[in-house]
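Open the model in your viewer and have the selection tool ready.

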Amino acid sequence: MLGLGAGQVGAEALPEAEAERLLHRALDLGITLIDTARGYGLSEERVGRYLASRRDEFVLSTKGGYGVEGVGDWTPGSIRLGIERALRVMRTDRIDIFHLHSCPPDTLRRDDLLAELDRARDAGLIRVAAYSGENEALAWAAESGRFGSIQTSVNLTDQWSLHHVLPGAAARGLGVIAKRPIANAAWQFSKRPVGQYAEVYWERLQTLRLDPGDLDWNEFALRFSAFAPGVSSAIVGTARVENLERNVAVVEKGPLPAELLRQIEAAWAEHGQGWGGEV
Ligand SMILES: NC(=O)c1ccc[n+]([C@@H]2O[C@H](COP(=O)([O-])OP(=O)(O)OC[C@H]3O[C@@H](n4cnc5c(N)ncnc54)[C@H](OP(=O)(O)O)[C@@H]3O)[C@@H](O)[C@H]2O)c1
């Protein structure tokens, strides 16, 4: 299932009219999950401004634990007031999935924070408490029994969680949101994108030497992550309606053919064993 990663929707450089058009087009195309966060600029605000009247049409996922005026980050107050703030900004009475956003393992395990999430869930402010992160922290979150969903990087170049966490998460019935599902379109860079988010993925692609055959790279990448075992939703991030439409059409084609999956598996077995998940 395809979701919309609304990180790009938060960019100040994106005109309001385009943000509005993109968000509505996502729902019109049948997308039913939108993922945002406290840290994504204007994203939460725009989701509220443009989609409040269509709130029943989508699952709303956001993240927090930081960025609340007057309280320290990763305190019970930052969870409680952060959820209240997010509800206000997004003009809604409930958040479907609320993630602790990439906090380190020792923060994640704190009872005072977990208890605050439980209270918010019991009060109906959030429906599912979730964790977004990678590696050791993600593995703990998935096994802890304290979370109903996780968000983690899953793509051609980032398969740590796919191999180490998702099988167990699926068996326990956890929701799994695959972030960075097309590896930040790293193949688009003709040379190393130094200092950019896609840099590690670009480097891994050089090593994996995958061949998408007749498919273009976007289709190759997205049909892999959207149908990876255990993934509930792959949230491609985009600020462009034409890319959104393209992604919907690609996912409608279903999983990759078996020979491409075998190629990806063999390349990962040869090169990917030491590669951790990238936040
Ligand atoms: N929890 C976390 O810490 C965390 C971290 C990263 C991301 N996320 C979430 O995951 C979402 C997705 O991650 P991401 O945006 O980092 O990575 P991504 O979805 O793998 O890649 C996004 C990039 O791909 C491009 N793109 C999208 N569709 C395309 C298409 N059809 N053809 C060519 N290029 C295309 C986008 O550019 P255009 O805008 O030009 O389309 C954008 O540069 C985010 O929006 C956010 O919701 C969460």
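Select the ligand and the residues around it. There are 30 of these residues, and those that come nearest are Gln8, Asp35, Ser132, Thr238 and Asn243. Keep in mind that this is a predicted model.

Colour the shell by residue class next. It divides into 14 polar, 10 nonpolar and 6 charged residues.

Start with serine 132: one of its polar side-chain atoms lies 2.6 Å from a nitrogen atom of the ligand. Go on to asparagine 218, where a polar side-chain atom is 3.3 Å from a ligand nitrogen atom. At alanine 239 the backbone takes part instead: a backbone N or O atom lies 3.0 Å from an oxygen atom of the ligand.

How much of the ligand does the protein bury? Taken alone, the ligand exposes 900 Å², and the protein buries 86% of that. Then select strand β8 (233-237) and helix α11 (241-251), the elements that give two or more residues to the shell around the ligand.

Last, select tyrosine 131, which is placed in strand β5 (residues 126-132). Is tyrosine 131 buried or exposed? Its relative accessibility is 2%, so tyrosine 131 counts as buried, the cut-off for buried being under 20%.

Note on methods. Residues are numbered from 1 along each chain as its sequence is written. This is a predicted model: local features need pLDDT of at least 70, side-chain atom pairs count only at pLDDT 80 or more; totals for chains, interfaces and linings use all residues. Side-chain values use heavy atoms; hydrogens and water are left out. A residue is near a molecule or strand if one of its heavy atoms lies within 4 Å of it. A polar contact is a pair of N or O atoms within 3.5 Å; within protein, one must be able to donate a hydrogen and the other to accept it, and residues adjacent in sequence count only if both atoms are side-chain atoms. Accessible areas come from the Shrake-Rupley method with a 1.4 Å probe; for residues, only the protein chains shown count as cover. Helices (H or I, at least four residues) and strands (E, at least two) are DSSP runs, numbered from the N terminus. Ala, Val, Leu, Ile, Met, Phe, Trp, Tyr, Cys and Pro count as nonpolar, Asp, Glu, Lys and Arg as charged, and the others, Gly among them, as polar. Buried means under 20% relative accessible area, exposed over 50%, partly exposed in between (1.4 Å probe, protein chains only).
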